[in-house]
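Q: Got a structure here I'd like to go through. Can you walk me along the contacts in it?

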Amino acid sequence: MKNKALVLSLLIIFNISIVIATDCQDFDNGKTYFLKSHAIGDWYGGGDPKIYGQDPNPSFGKPTSDSYSTYYDWCTGLQLMEAICDANGKLSVASFSCPNGCYQGACKCQTNSDCPQGYVCRGDGFTCVEGEDVDCYDDGNDYFTKQKVQIRKNGIIVSTNYDRCEGNILNEAYCQDPHSDDVSFLTYTCPDGCSEGACLKIIQCTESWSCSSWSSCINGQQTRTCTDTNNCGTTLSRPPLSQSCTVSNEKPDFSVNGLEISSASDAPKEGNYDRNIFVKIFNSGKEIVPGYLSYEIKVKDENGNDIDSCIMNSYLNWFSNKEAIVKGGSCSLNLPAGKLTFVTEVDVKKEYNELNENNNIYTQKIEILSEDYKCKDSDGGKNFNVKGEIEGYLMEELSIKTFKDTCENVNKLKEYDCQNDGAKIGYVYENCQYGCKDGVCLTESIPTTTPTQSEEPESVITEDEYLKQSCDGCLMEDNCVSYGTRLDEKYCSLSKDFLNQRDLGSSCNENYECKSNECLDRECVSTYGLLKRIWVWIKNLFN
């Protein structure tokens, strides 16, 4: 009998162990990826019971005293490791790639439809949590605008709370949590009063003053006018309208002795003329302090009629040997084609004593080309065997000039041609194999013959006439001097005339055009003058 009882007991224990061994339970009822859960049962791989899905190494099982294994859902990157019961009733795991990311053992949800019934898409990381779909909507936190907070459940508005006033105190409604129905109020004291759920806003005007230049010094006072561009109607921050001043009886003396149009590679053409215009100044009295000068440039036609004008605000550079130049900004003029005259008036009877007879009114003639003007060469270019005549723009004189091909000597031809796509005059030299005569290279030697009675003798030219024709330069008495020769502050120009050398700061193309004999970056400069000024400054510094 005892043996039968023992056998029955063993069978009962064995049956119970079989039931326990095959009982797997999934607490989220399957593959519910958007809800964190766990499952228990015998691990499909066998072995002792363990706990999976816990930090720090969720993939490694930890020993447990339970008679079954436990597997918690966990995340690895975007992958969810979901605890399941497999077809054999064993505890297992399924891997799932979360489309919106994985957070604390569940895929992130986007809408409530991702969650099981009775759950809403809320909580940390937007995972499914148990409860109603509650939203708190706040218009914002603006004390000067009446706003509201609404509570919605399952998309339906269930309550609305507005900002409200209690005297000068504003009670500003706001959401404690965007997914709860807890509405709170923030109190704020309105500085200018509270009305209908918002602080009153008193618009304050900020003055913004713009003032004219100071007037001349009269009886020890200078005045100016100031305007508030915001038109506030107050003068709390208006700058002073007058100030004390001292009148100096000494005026610097200077005379305008030149007007320079900045040089360019092409001749000026009709239309908008936007180039620097420089005024040359000679100081014959007290030194002028560097500063700004304002003067007007007027343009007139050949009959003296006004064409255009503009105001130049230019900087007066310091002097070298009592010479200076007013460096100009660009002066934009709309000019027609033709011969024009530029007229400038610099500080007439104001802050300086003008010394020249025209009261510092200076003129400069300039010829403006039509838009379609091109240099013209009668022999079609570099044709050494045809005497050509060229008409083109000479930048040195700012006007159109005419030149003929000429013999530099008995074997050398000076051939004029159009350069820069017809923009200006240029020339080249050609050594003639058979000699040069009357502006052409001869194609063969001319034999010496005696004319017959039926032939008329060639016209005989004098030595002076031949010298004039063959001189490639300027005639000085009976001598032909080459281009660029300097004499008494004049130089031989391409027009075969002696022109005055240019002052410091003037535009130039060659060194010989400048009094300093230095042309750098198309401007007359003086390295010696600069070094001298530096040396004087150093001496004064140490003395």
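A: First a term: rings of Phe, Tyr and Trp (its six-membered ring) pair if their centres lie within 6.5 Å, with planes under 30 degrees apart counted as stacked, over 60 as edge-to-face and the rest as tilted. The model is predicted, so local features need pLDDT of at least 70 and side-chain atom pairs count only at pLDDT 80 or more, while totals for chains, interfaces and linings use all residues. Residues are numbered from 1 along each chain as its sequence is written, and side-chain values use heavy atoms, with hydrogens and water left out.

Q: Fine. Which residues do the ring pairs link into a cluster?
A: Phe403, Tyr416, Tyr427, Tyr429 and Tyr483. Tyr429 also has Lys412 over its face, at 4.3 Å from the ring centre. The rule for that is NZ of Lys or CZ of Arg within 6 Å of the ring centre and within 35 degrees of the ring normal. Another case is Arg152, whose charged end sits over the ring of Tyr137, 4.2 Å from its centre.

Q: How many aromatic pairs does the structure hold?
A: The count is 11 aromatic pairs. One of them is Trp43 with Tyr71, which is stacked, at 5.8 Å centre to centre and 0° between the planes. Trp43 is in the loop between S2 and strand S3 (50-52) and Tyr71 in strand S5, 28 residues apart. Strands here are DSSP runs (E, at least two residues), numbered from the N terminus.

Q: Trp43 and Tyr71, buried or exposed?
A: Both are buried. Buried means under 20% relative accessible area, exposed over 50%, and partly exposed in between (1.4 Å probe, protein chains only).

Q: And what about Tyr491 and Tyr512, how are the planes set?
A: The planes are at 50° and the centres 5.6 Å apart, so the pair is tilted. Tyr491 is in strand S45 and Tyr512 in the loop between S46 and S47, 21 residues apart. Tyr491 counts as buried at 0% relative accessibility, and Tyr512 is buried too, at 18%.

Q: Switching to charges. How many salt bridges?
A: There are 8, where a salt bridge is a side-chain nitrogen of Lys or Arg within 4 Å of a carboxyl oxygen of Asp or Glu. Asp438 and Lys387 form one of them, at 3.0 Å, N to O. Asp438 lies in the loop between strand S40 (436-437) and strand S41 (440-441) and Lys387 in the loop between S34 and S35, so the pair ties together parts that are 51 residues apart in sequence. Asp438 is partly exposed at 47% relative accessible area, and Lys387 is partly exposed at 37%.

Q: Which residue does Glu489 bridge to?
A: Lys515, with the closest N and O atoms 4.0 Å apart. Salt bridges with shared partners join Glu489, Asp503 and Lys515 into one network. Lys515 counts as partly exposed, at 35% relative accessibility.

Q: Back to S34 and S35. What is the strand order in that sheet?
A: The order is S34-S35-S36, an open sheet of 3 strands with antiparallel pairing. Strand S34 (376-377) and strand S36 (399-404) are at the edges with a single partner strand each, so one side of each has no neighbour in the sheet. Two strands pair if DSSP finds at least two bridges between them. S35 (residues 389-394) and S36 pair over 6 bridges, and Gly392 has Lys401 in S36 as its bridge partner. There is also a salt bridge between Glu389 and Lys404, with the closest N and O atoms 3.9 Å apart. Glu389 is in strand S35 and Lys404 in strand S36, 15 residues apart.

Q: What does Tyr393 touch?
A: Leaving out residues up to four places away in sequence, its contacts include Ala267, Pro268, Ile366, Leu398 and Ile425. Contact means heavy atoms within 4.5 Å.

Conventions: Helices (H or I, at least four residues) and strands (E, at least two) are DSSP runs, numbered from the N terminus.
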